[in-house]
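Here's a quick tour of some local features worth a look before you set anything up. Have the viewer open and follow along.

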Amino acid sequence: MIQAYNPRTGEPAGNPVPETTEAEVDTLVRRAAEAAGEWVASERRAEALEAIADALDDHAEDLVAIADTETALGTERLTGEVARASGQFRLFAGVVRNGEYRKVVHTEAVGPAPDLRRALRPLGPVAVFAASNFPFAFSVAGGDTASALAAGCPVIVKAHEGHPGTSELSAAIIAGALEAAGVAGNPFGLIHGVDAGLALLRHPLITAAGFTGSIPGGLALQRVCAERPVPIPFFGEMGAVNPVVVLPGAASGRPREIADGYAGSLTLGAGQFCTNPGLLFVPDEAEILSAVSAAAGNASGGPMLTERIFRGYESAVAEAAAHPGLSELASGQPGEGPWGATPRVYTTSLKEFAADVPVLARERFGPAGIVVTYPSVDELLPVLAGLPGNLVGTLHAAESDLGDARRLVPVLEWIAGRVVYNGWPTGVAVVPAQQHGGPYPATTSAEHTSVGSAAINRWLVPVAYQNFPAGLL
């Protein structure tokens, strides 16, 4: 049985949910595979996605209530997240209706060259592994589910153990909306449990998998996908420290504004966003360091999602505190409850940081950050270029910094999937132009995004049809 616990109290939240057996996984996958043909061919797929969006909005109050009990993320945040989830389904309904993603590229035969038509087809049934930190937007009713269904792929979701009740209600709403929309078969299903998730990945009818979570968890699942008799693609979003670089003109011109923005972005959601800025590079100047220290010291933490995540955070900050190259710059106010996280910000020099990048550039999931002081942009550039892949890279600059900014942008493009100018990385707009992905280890597939309409491309493969007669086309 899988039991959720209230992060504010540590007490059980809701009723336990039974783990899914391997036989039940097999039944769900086979039903999904049987439904694939009709789901792909359905001319009402956009209507079905909109029906899911409407149903999520109609049940928003119930969804928020159970999710707040299981995650302690607060009703305001969760209400907005339900709206984001329903908005994603509407976005992909529009993508389906527009049909641009299905556009055929045609090269007519010329001389000895053949007639070719290149088109995209859906992969087939896919597995989606829900995230802990977004119980709607990256969970059962999240973007992976919406984009895969839009592509024409049936979806089986492995629920996160941190919010099983929320997952059950979300799945019931989706299934009910599909049935009410007249969808034939079962192109959607939900499972619970680690063993069930492994059985799902190994099922011969599953054609791809999407995951949002930790680097160790993602790499373990990717290995399972690779070791199957027939390997399948694994689209994992796994971790990032999302470096922020503050150039000298910005640091001297608006130190307090930058410090307040950094503290707010670092501690948003108790630091449990994949886009929280774990590294802040600033000039080696007392004013900006003092401002960051004050802002971080005044910041408050919050209850972490699960005891396991809280213990992981405590271990990560203990490692940081014991590192000989780091010193504590500020400690904020602890969050409520038994798993309340305390914001921690450490500082080090660029030289010390460069001497141990593998450890100091490691993600610490929670409101912990490292401020790295650099003596010059010339010395910063090669160190920054050596960072592992990230979801976001951020640059703060004044007009006097534009020369240095031009040199920094190509480096940030190299190590991140999204580059932010004079802003903060937390907050991801669900729009067609979004790129929420990045070089390893941020994701396993840097060319794809998990947010925005382009996310549909993960679940489609190209096929070229050569010299086909009109009757077969």
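## A loop residue with positive phi

In which loop is Ala 72 found? Ala 72 sits in the loop between helix 3 and helix 4. Keep in mind that this is a predicted model. The phi of Ala 72 is near 55 degrees, which is a positive value in a residue other than glycine. Ala 72 is also buried, because its relative accessible area is 11%, under the 20% cut-off.

You'll find Ala 270 in the loop between helix 10 (255–267) and strand 11 (279–283). With a relative accessible area of 7%, Ala 270 is buried.

## Helix 3 against helix 4

Now for the two helices on either side of the Ala 72 loop. The axes of helix 3 (residues 60–71) and helix 4 (residues 75–98) come within 9 Å and cross at roughly 130 degrees, so helix 3 is oblique to helix 4. The crossing of helix 3 past helix 4 is right-handed.

Who makes the contact? On the helix 3 side there are Ala 60, Leu 63, Val 64, Ala 67, Asp 68 and Thr 71, and helix 4 brings Thr 75, Leu 78, Thr 79 and Val 82. Sorted by class, this contact has 6 nonpolar, 3 polar and 1 charged residues.

Next up is an open sheet of 7 strands, in the order 12-13-14-11-10-15-16 and with mixed pairing. Strand 12 (327–331) and strand 16 are at the edges, each with a single partner strand, so one side of each has no neighbour in the sheet. From one strand to the next, the twist averages 20 degrees.

Ser 331 stands opposite Arg 344 in strand 13. Helix 10 packs on the sheet, touching strand 10 (244–246), strand 11, strand 13, strand 14 (368–374) and strand 15 (390–396), and its direction makes about 145 degrees with that of strand 14. Helix 12 (residues 307–322) packs on the sheet as well, touching strand 13 and strand 14, with its direction at about 30 degrees to that of strand 13.

## A cis peptide bond

One last stop: the peptide bond from Tyr 440 to Pro 441 is cis, with omega near 5 degrees. Pro 441 lies in the loop between strand 16 (416–421) and strand 17 (460–466).

How values were computed: Residues are numbered from 1 along each chain as its sequence is written. This is a predicted model: local features need pLDDT of at least 70, side-chain atom pairs count only at pLDDT 80 or more; totals for chains, interfaces and linings use all residues. Side-chain values use heavy atoms; hydrogens and water are left out. Axes are lines fitted to C-alpha atoms, for helices over the stretch in contact, and angles run from 0 to 180 degrees between N-to-C directions. Helices (H or I, at least four residues) and strands (E, at least two) are DSSP runs, numbered from the N terminus. Angles under 35 degrees count as roughly parallel, over 145 as roughly antiparallel, 65 to 115 as roughly perpendicular and the rest as oblique. A crossing is left-handed if the near helix is turned anticlockwise from the far one by less than a right angle, and right-handed if clockwise. Contact means heavy atoms within 4.5 Å. Ala, Val, Leu, Ile, Met, Phe, Trp, Tyr, Cys and Pro count as nonpolar, Asp, Glu, Lys and Arg as charged, and the others, Gly among them, as polar. Buried means under 20% relative accessible area, exposed over 50%, partly exposed in between (1.4 Å probe, protein chains only). Two strands pair if DSSP finds at least two bridges between them.
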